[in-house]
Amino acid sequence: MNCQLLKDHKERVWQVAWHPNGQILASCSSDKTIKLWQLMNDQYKLIQTLDECHTKSVRSVSFSKDGQFLASGGFDTVVGVWMYDGSKYKLIQQLEGHESEVKGVAWSADSNYLASCGRDKTVWIWDHEDLEFSCNCVLQAHDEDVKCIKWKDTTLYSGSYDNSVIRYTYGEDDEWDHKQFQIEHQSTIWSIDIFNKLLLSTSADCTAKVFSIQDGTLKPIQTLQGFHKEPIYSGSFSYDGLYFALGSADNKISVFKKDAIDELGYPHYALDQIFDAFEFDVNCVAFNPKNYLLAACSDDENIKVFNLQL
Amino acid sequence: MQLENPKPQIFQTGNFEFTQQYIKRKQQEYDPDVEDPIDEYEIFDLVKSIKDPEHSFTLEQLNIVNPSDISIQGNRVMVYFTPTIPHCSMAQTIGLTLKIKLMRSLPKNYKIYVEIKQNMHIKEVELNKLFQDKERVLAAIENQQLLKIINFGIQGLR
């Protein structure tokens, strides 16, 4: 398989995230740094190492949809906000408030809101005015660690150690309302990805599930079971929803392809390929927003960008 | 501080050394033609000297770990441990110490499972989930206070 190895982190790489232009990849690691890799002459080259924000593992990283901002979340409880100044991403603010490890950061589609979540069971929503970020709201709806967050436009979804998913919407009463979904995962929900009206969840119960988001509920469409023998830490839809990939602690990546649409109009996905991707746990998979390149990272300190030849 | 279990039962150590399986294994160790895979006795060797957080005894002396509650399949290692009492508040520290000691000692491609033996603790489901949560375990290592306690346990009694 055609694949490029991106090697520079000194410890496990927790997450990779694409710039919306599909040319830059950000990665974050237990080595306390964030690295930026840019495509130049068909090769990804390290262009920046961001090491001035975090004093512990950097768990999560995310670009805003306009590419202006980068956010990072770390075990040191800090959320870092970085801004592009025309040549580099520079640290503009360190947001403090979480009481323990930050596990996820994510930007709303309009880049107006940044959300962060963590072991303190909370989700923080931050907004900004004149490049000054401040806390808009602290939401404590989960009973346990909040492991992941994902925006669909201006609606936020979170997945938790309490095995549930919660949806947050900004109501007419100027408050964030929430609704909890018990989506029949038997253990921690490690990741959520969303494509149009489809939500993909992955869990420590070694399964992934696809839901249809409709009428304010999550309707289960498909459970992917038996493909991985260890927790599935990450799932990612391709830009067109034709594929999704899963990355697991069994060191494997699986790729599923939409192969049918049932009488109700719901898609069905079938296994396209499954392969040993790394020596150790796969912590994150992320499809490029423009093409079928798949970035992934692992406990073995490496990042790989796969050309899956789909 | 008042001890939760002031007079724990102390067990005779090394009983397993008389089992046929162990004797055979010992003999094979000196035979260059026989491959020595990592087995349950080797895992036991790694964890037996860990110091109990409450008492000046090892996990072996308190029968918290023993070779028959360890199993290996390929690169998957399962260690079940038995807290001295079902409401032992030290069970979390013991589990984390076992997991971290094995993570440090075994080849990195090993998948390590540490669990409380069935029906041996009032919070076993909750704690077993915690021991299996990689993020929680790794965050514990980055917590200086917790790491000190864990390292003290790993350092053990010699």
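Residues are numbered from 1 along each chain as its sequence is written, while chains are lettered from A and ligands numbered from 1 in the order in which they are written. Because the model is predicted, local features need pLDDT of at least 70 and side-chain atom pairs count only at pLDDT 80 or more, whereas totals for chains, interfaces and linings use all residues.

**View 1. Chain B and its secondary structure.** Chain B contains six helices and three strands, where helices (H or I, at least four residues) and strands (E, at least two) are DSSP runs numbered from the N terminus. Along the sequence these elements follow the pattern α-α-β-β-α-β-α-α-α. The C-alpha atoms of chain B fill a box of roughly 50 × 35 × 30 Å along the principal axes. Of the 158 residues in chain B, 30% are buried, a term that requires 20 or more other C-beta atoms, placed from the backbone, within 10 Å of the residue's own.

**View 2. The crossing of helices α3 and α6 in chain B.** The axes of α3(B), residues 91-105, and α6(B), residues 144-155, come within 9 Å and cross at roughly 70°, the axes being lines fitted to C-alpha atoms over the stretch in contact and the angles running from 0 to 180 degrees between N-to-C directions. The two helices are therefore roughly perpendicular, a description used for angles of 65 to 115 degrees. From α3(B), the residues Thr93(B), Leu96(B), Thr97(B), Ile100(B) and Lys101(B) meet Ile149(B), Ile150(B), Gly153(B) and Ile154(B) of α6(B), with contact meaning that C-beta atoms placed from the backbone lie within 7 Å. The residues of this contact divide into five nonpolar, three polar and one charged; Asp, Glu, Lys and Arg count as charged, Ala, Val, Leu, Ile, Met, Phe, Trp, Tyr, Cys and Pro as nonpolar, and the others, Gly among them, as polar.

**View 3. Gly153(B) and its surroundings.** Gly153(B), which lies in helix α6 of chain B, is buried because 24 other C-beta atoms lie within 10 Å. Leaving aside residues up to four places away in sequence, Gly153(B) touches Ile50(B), Lys51(B), Pro53(B) and Thr97(B). Gly153(B) and Ile100(B) are 53 residues apart in sequence and 11 Å apart in space, taken from C-alpha to C-alpha.

**View 4. The contact between chains A and B.** Ten residues from chain A and nine residues from chain B take part in this contact. On the side of chain A that touches chain B, two residues are nonpolar, three polar and five charged.

Notes: Parallel < 35°, antiparallel > 145°, perpendicular 65-115°, else oblique. Contact = placed C-beta atoms within 7 Å. Buried ≥ 20, exposed ≤ 12 C-beta atoms within 10 Å, placed from the backbone.
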